[in-house]
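This briefing covers strand pairing, nonpolar cores, selected helices and backbone angles. The sequence and the structure come first.

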Amino acid sequence: MELHQKVWEKPLKEISVEFGMTGTGLAKLCDRHEIPRPPQGHWTRLSLGGLVEITPLPPLPEGKSDVIVITPLTPKPSHSDAVVDAQEEALNAVAKITELDSFRSLHPSVRAWVKQHRDDQAQRWQERRERRREVLGHFWDPIPDLTERDRYRFQATSTVFNALEKAGAEVVGAKIIGKFDIKVGNHTLECAIKEKMRQGLSDVDKSWSAYPHHHQHGLHPSGFLRIAVNTYVSGGKLEWIERQNKSVVDLLPKIIATIMGCGPRLDEQQAEREAQQLRYEEERRKQFEEQQRRELEARRWKHFREQAVLWQECQRLRALVDAIEHRTPTEQADDIDGMTAAEWIAWTREKIEDLDPMNRDLEGLWKPPSRW
């Protein structure tokens, strides 16, 4: 088989390019069709001049075709010019941001969080003072000061907010828990900047944040922030996570460019949905018209068959009247219900002519009467 020969001539990564698929995908394809692949170290031994053994292709199972259909991967759609332009403008707008905002110059939305924290602290102390007067009163724990991680998150969030506004977005809502809304163009994106949490075996140290209840119970802080766009945008999940060598400032250009590119991407999504709706409505209209056509055709055919039955009936009626008329000269009859036999025959022939569809125009033979 040709594929078996190719697999032993070149590494899978090189061959997969010819078929428009990944090396892993090609390996799975070979395994699915029981095509032997070179073992690990095969190409190294071959490059060093060592001897290698080619595993022969096993006999083809009875009834199984030797033709394998390979479907290339569908390439990811490239961004439109509008998306690329929006991202380039965003990159230019934030190019000079190289460090986090100072805690003394936070974005107004984040500055409001600091005030909210102070207000929450004062309210909690006031509640504790009031509870002291009650012997059995419950004492709420005081709210601690902002920790280093809290302050870092506030500074990172402020930096992102200011960068987005420099790029042309608008912060329309921000909660101290880390969720915020950004308006980009005609669309509002639900986003979040929160501590990336992880599982652990030890007890959770709640002193790492003044608001540990803002995070999922039982998880430990990772020491890195997670920035995400929670609004669905075509193209996959949008999130960025800090690493040891990648801080928010390092990720900032990509974050801002991607978020600003969401505006035109959502415009395109909306335009596609509207076009899809129009196509759906057009298809429904065509289906309705086709159904109407079939119903009209069925009514026309039924009407024509009914005319054929009437026509045959008129033939039989005429034959009967002819037979009756043939009897009248030889058979005397009194008036029948006030009319003579000749008058009855004339009346019957008149009724037959009214019933005969051939006495109408051709349109009446095929066109059914209008439905009420």
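Helices (H or I, at least four residues) and strands (E, at least two) are DSSP runs, numbered from the N terminus.

The model is predicted: local features need pLDDT of at least 70, side-chain atom pairs count only at pLDDT 80 or more, and totals for chains, interfaces and linings use all residues. Residues are numbered from 1 along each chain as its sequence is written, and side-chain values use heavy atoms, with hydrogens and water left out.

**Helix 2**

- Helix 2 covers residues 12–19, and its buried residues are Leu12, Ile15 and Ser16. Buried means under 20% relative accessible area, exposed over 50%, and partly exposed in between (1.4 Å probe, protein chains only).
- Seen down the axis of helix 2, these buried residues fall within an arc of 105°, so they line one face of the helix. The arc is that of the directions from the helix axis to the C-beta atoms.
- Lys13 and Val17 are exposed and sit on the face of helix 2 turned away from its buried side.
- The cover over the buried residues of helix 2 includes helix 1 (2–7) and helix 3 (23–32).

**Strand pairing**

- Strand 1 (residues 170–174) and strand 2 (residues 179–184) run antiparallel and are joined by four bridges. Two strands pair if DSSP finds at least two bridges between them.
- In this pair, glycine 173 stands opposite aspartate 181 in strand 2.
- Four residues lie between strand 1 and strand 2 in their hairpin, and glycine 178 in the turn has a positive phi of about 115°.
- Strand 2 also pairs with strand 3, in the antiparallel sense, over six bridges. Here isoleucine 182 stands opposite leucine 189 in strand 3.
- The hairpin of strand 2 and strand 3 has two residues between the strands, and glycine 185 takes a positive phi near 65° in it.
- Strand 3 and strand 4 run antiparallel and are joined by seven bridges, with glutamate 195 opposite leucine 225 in strand 4.

**Nonpolar cores**

- The largest nonpolar core has 41 residues, and those with the most contacts inside it are Leu164, Ile182, Leu189, Trp240, Ile256, Ile259 and Met260. A nonpolar core is a set of buried Ala, Val, Leu, Ile, Met, Phe, Trp, Tyr and Cys residues joined through side-chain atoms within 4.5 Å.
- At least two residues of this core come from each of helix 6 (108–131), helix 7 (148–167), strand 2, strand 3 (187–198), strand 4 (220–229), strand 5 (238–241) and helix 8 (248–327).
- Helix 8 gives the most to this core, with nine residues.
- Another core, of twelve residues, lies apart from it; Val7, Leu29, Ile35 and Ile68 are among its members.
- Leaving aside neighbours within four places in sequence, leucine 189 is in contact with Phe180, Asp181, Ile182, Val184, Val229, Thr231, Ile259, Cys262 and Leu266. Contact means heavy atoms within 4.5 Å.

**Helix 6**

- Glutamine 121 is in helix 6 and is buried, with a relative accessible area of 14%.
- The side chain of glutamine 121 reaches the backbone oxygen of proline 144 at 3.2 Å.
- Leaving aside neighbours within four places in sequence, glutamine 121 is in contact with Ile143, Pro144 and Asp145.
- Histidine 117 is also in helix 6 and counts as buried at 4% relative accessibility.
- Not counting residues up to four places away in sequence, histidine 117 touches Ile143, Pro144, Asp145, Leu146, Ala210 and Tyr211.

**Helix 7**

- The 20 residues of helix 7 should span 28 Å at 1.5 Å a residue, and its end C-alpha atoms are 29 Å apart, which agrees. The expected span of a helix is 1.5 Å times one less than its number of residues.
- Buried residues in helix 7 include Asp150, Arg153, Phe154, Leu164 and Ala167.

- Most residues other than glycine have a negative phi.
- Glutamate 34 is not a glycine, yet has a positive phi of about 55°; glutamate 34 lies in the loop between helix 3 and helix 4 (42–47).
- Aspartate 337 has a positive phi near 55° and lies in the loop between helix 8 and helix 9 (341–355).
- With a relative accessible area of 70%, aspartate 337 is exposed.

Definitions and conventions:
Polar contact = N/O pair within 3.5 Å; in protein donor to acceptor, adjacent residues only side chain to side chain.
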